[in-house]
Each structure stands twice: as C-alpha cells, then as structure tokens.
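Trainee: I am new to this structure and would like to learn how to read it. Could we go through some features together?
Mentor: Gladly; let us look at it side by side.

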Amino acid sequence: MSDEQITGLIQNGDYDAAFNAIVAAWSERLYWHLRRYAGSHEDADDLLQDVLVKVWKALPTFRCDSQLFTWIYRIATNEALNFLRKNRFKAMLKAESLESLLNSHFDDDVHFNGDELQREVQKAINMLPDKQKQVFIIRYFDELPYEQISEILDTSVGSLKASYHHAYNKVKAYLETKF
Amino acid sequence: MKRTDDILKDSRLKEQAFTVPEGYFENLASKLETVKAASGKTSPAGRLVPYLAIAASFALIASVGTAILKKTVHQPEEEISLESYYSQLVNDDFSEDEVVSYLLCYGISAEEITELSK
C-alpha cells in the first residue's frame, strides 16, 4: 500500500488498518535503519517495537498535510536518540563508554555476517557523537537527500552537511588505521 | 603506506551485513498486536517501571560519588551528565513531582535530588 493510501486511512480515522499497513510497508526499512544504532538484533528489535508503538499512539495526531515518510522517520530517529541516551546512562553506571557498551553487544551478536571492513565501519559509527551518527546513517546508508534529512531532523541543510563531513572524515580516518 | 583511494567508497560497505532470525518480519505484526494492546492500558505507575533500574542507580552513583565517576568514565563529545538526565526525565516523560516522588521511594535523599535538579 502506498503512503498516500495509508494517509487516506488515517484521514478516515481507520487507525487499525493504517497501522497494519505501516507495519507491512515500513517495518523492514525501519529495522535496517535502527539496526545501525543498536548493538544487536535484540536491541534493534526492542527499538523497532518502541518506534511502532509510538507511531500507533501518535496516529490520531498525524497531520495529513505532512509526509508520512518524514513523520515516521522523525519518530524513528527520536527513538534512536532516546535509545542512545538510555544506553549512555547505563554505560556510565558501569564506568564505561557508550561506544564500548555498543561494541560489546555488537561483538556478541550472532546476527552479523559481514566481513572485517563491515565490522569495523559499524564500530566507527558507534564512536560518533549522536547527531553525527544520525546524519551519517541517514545520508550514507539510507542515501536520503539533504532536503529530506533537514525535514526529518529539523536542522538546516548547511548544518547537516557540516555534520556529515565531520562524521565521514572520522569514520574514514578510523578505517584507514585498520586497513 | 597511506591509502590513496577513499575506503568509504568501497561498495561492500553498502551491502547488508546483518541478518535477522528466521521469520522475524513475518511474525512482527502479530507480536505488535500484543504490544499495541498492552500499550493502551499502561498506567502512569507502569510507565515508571522501565526507569526502576535507573532510579535505583542514582543511589549507587550518589554513594560512589559523581567525582569518581567523572574520573573513570571516558568522556564522549556529547556526554550526558546525571543532572541533565534528570532534566530529560522531567522534560520528556514525567512531571517533576512524579520523578521526585519516585526517587524518594527508592531511597534517594531529598538533598541528592535537590542537587540533581539544580
């Protein structure tokens, strides 16, 4: 079902059908996006469920003049930020960094089948500050245009380009020390 | 030798490196039905449950001392302090009264809460 058709269901107040259509159309894409923030499948699964429950609860507040795509992505990126905040706090309690906490979950994850380069790029992402991480994931992996990212993150295109540039160079520099 | 190519242009990096358990996406919809039903019935007290560990941890942190923690924890660029975490709890999810009552219930002293809320 297209985003326009789903928006129509929301407009008609058919939230159950709209939600089922969102789950069918968006779950997989959201999961792969969120997986880049999470250390493991279990974390990504929790995060995805949190996002979809937020979507469900917020459906009646969806303004049909906004794009469904942007709206869902915004909820997902906000939840991803909350996930990072909560995990940073957990890491502080263990006197370790968020990066090492995420890396340890990632190292233990049996649902990773990439090669060493792919493993190291994920570790480089774990090292980035939250805002740079968001921009890097959306731009590099999801390949969204800056204008769309600007709507999702409510940040100017100029600022996004600067964040992406910093993130890109950090990830690249890290990988160059390994390969 | 320094690389001359851009390693981030390697096409392997855009390939999917993660997997999911078999049938994960197929079973997600039915799993969500349960979560969806439960989410509508959550009481205000229930909403605080996920923060149980965090609240209890305030006591631990207070006893160990923020100063020691700051010395031992790696400082990320956007490190969140306990004080700002407290602010986030208040701003994002709960009223200040809810957070304070909750922390008091779990043995955090009024003085410690006052310090966090400054």
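Mentor: Start with two helices of chain A: the axes of α7(A) (residues 130-141) and α9(A) (residues 157-178) come within 8 Å and cross at roughly 90°. Axes are lines fitted to C-alpha atoms, for helices over the stretch in contact, with angles from 0 to 180 degrees between N-to-C directions. Helices are DSSP runs (H or I, at least four residues), numbered from the N terminus. This is a predicted model, where local features need pLDDT of at least 70 and side-chain atom pairs count only at pLDDT 80 or more, while totals for chains, interfaces and linings use all residues. Residues are numbered from 1 along each chain as its sequence is written, chains are lettered from A in the order in which they are written, and side-chain values use heavy atoms, leaving out hydrogens and water.

Trainee: How are α7(A) and α9(A) oriented to each other?
Mentor: Angles of 65 to 115 degrees count as roughly perpendicular, so α7(A) and α9(A) are roughly perpendicular to each other.

Trainee: Which residues of α7(A) meet α9(A)?
Mentor: Contact means heavy atoms within 4.5 Å. Gln132(A), Val135(A), Phe136(A), Arg139(A) and Tyr140(A) of α7(A) do, and their partners in α9(A) include Tyr164(A), Ala167(A) and Val171(A).

Trainee: What does Phe136(A) touch beyond residues up to four places away in sequence?
Mentor: Among its partners are Ile125(A), Leu128(A), Tyr168(A) and, from chain B, Leu8(B).

Trainee: What about the largest nonpolar core, and how many residues has it?
Mentor: In soluble globular proteins, nonpolar side chains tend to be buried together. A nonpolar core is a set of buried Ala, Val, Leu, Ile, Met, Phe, Trp, Tyr and Cys residues joined through side-chain atoms within 4.5 Å. Here the largest has 71 residues, and Leu68(A), Trp71(A), Phe136(A), Leu175(A) and Leu8(B) have the most contacts inside it. Helix α4 (residues 68-93) of chain A gives the largest share of this core, eleven residues.

Trainee: Is His41(A) buried or exposed?
Mentor: Buried means under 20% relative accessible area, exposed over 50%, partly exposed in between (1.4 Å probe, protein chains only). At 5%, His41(A) is buried. His41(A) lies in helix α3 (residues 41-58) of chain A, and its contacts include Tyr31(A), Asp109(A), Val20(B) and Tyr24(B).

Trainee: And how does Val157(A) count?
Mentor: With 25% relative accessibility, Val157(A) counts as partly exposed. Val157(A) belongs to helix α9 of chain A and touches Tyr146(A), Glu147(A) and Ser150(A), leaving aside residues up to four places away in sequence.

Note on methods: Parallel < 35°, antiparallel > 145°, perpendicular 65-115°, else oblique.
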